Amino acid sequence: MICISILEKTPAACLEAMKGEEFVEIRLEEMELGKGDMERLFSNKKVAAIATCRPGKISDEERKKRLLEAIAAGAAYVDVEVDAPEDVAREVVAAAKKKGCRAVVSYHNFEK
């Protein structure tokens with residue numbers, strides 16, 4: 001399967017980009033989210049979705065909050081960077097295990 005990475009500002013644009021896809025990575029760090037948006041993004045069980053929230057745009061606390069909300073909303077996978085704060089990584093991975101969501105530990109090196 002090929003995973004399509006989606007970085008959109010709004011849930012509506014993200015949902016539009018997901019149409020016809022089987023496996024997507026939903027990038028949450030720049031998305032403007034409101035009440036019920038996480039459920040709209042992650043409740044479609046026809047699409048396997050990875051919840052991702054990269055560092056740099058929002059605080060670690062907000063990133064953790066978004067990932068935990070995505071897990072609760074039904075994300076199939078959650079992505080935690082290998083260099084995420086240890087307490088954040090532990091909490092997110094524990095929440096994922098509790099909900100049957102698989103945790104992906106990622107490492108990005110853009111120089112090698």
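**Entry 1: a buried pair**

I looked up Arg27 and Glu29 and found both buried, where buried means under 20% relative accessible area, exposed over 50% and partly exposed in between, with a 1.4 Å probe and protein chains only. Arg27 makes a salt bridge to Glu29, with the closest N and O atoms 2.4 Å apart; the rule asks for a side-chain nitrogen of Lys or Arg within 4 Å of a carboxyl oxygen of Asp or Glu.

**Entry 2: source**

I note that this is a predicted model, in which local features need pLDDT of at least 70, side-chain atom pairs count only at pLDDT 80 or more, and totals for chains, interfaces and linings use all residues. Residues are numbered from 1 along each chain as its sequence is written, and side-chain values use heavy atoms, with hydrogens and water left out.

**Entry 3: other salt bridges**

I got a count of 15 salt bridges by the rule. Glu81 pairs with Arg54, the closest N and O atoms being 2.7 Å apart. This pair links distant parts of the chain, 27 residues apart: Glu81 is in strand E4 (residues 77–81), and Arg54 is in the loop between strand E3 (48–52) and helix H3 (60–73). Helices (H or I, at least four residues) and strands (E, at least two) are DSSP runs, numbered from the N terminus. Glu81 and Arg54 are both buried. They also belong to a network of salt bridges with Glu25, Asp60, Arg63 and Asp79.

I then checked Glu30, which bridges to Lys9 with the closest N and O atoms 3.2 Å apart. Glu30 is partly exposed at 25% relative accessible area, and Lys9 is partly exposed at 45%.

**Entry 4: largest pocket**

I found about 180 Å³ of space in the largest pocket, the volume being the space filled by probe spheres set on grid points joined across faces, edges and corners. On a 1 Å grid over the protein atoms alone, a pocket is an open set of points where a 1.4 Å probe fits, with protein on both sides within 12 Å along at least five of seven lines; lining residues have an atom within 4 Å of a point. Of the 13 lining residues, Arg54, Pro55, Glu81, His108 and Phe110 are the closest to the centre.

**Entry 5: helix H3**

Buried residues in H3 include Arg63, Leu67 and Ile71. Gly74 follows H3 and has a positive phi, near 115 degrees.
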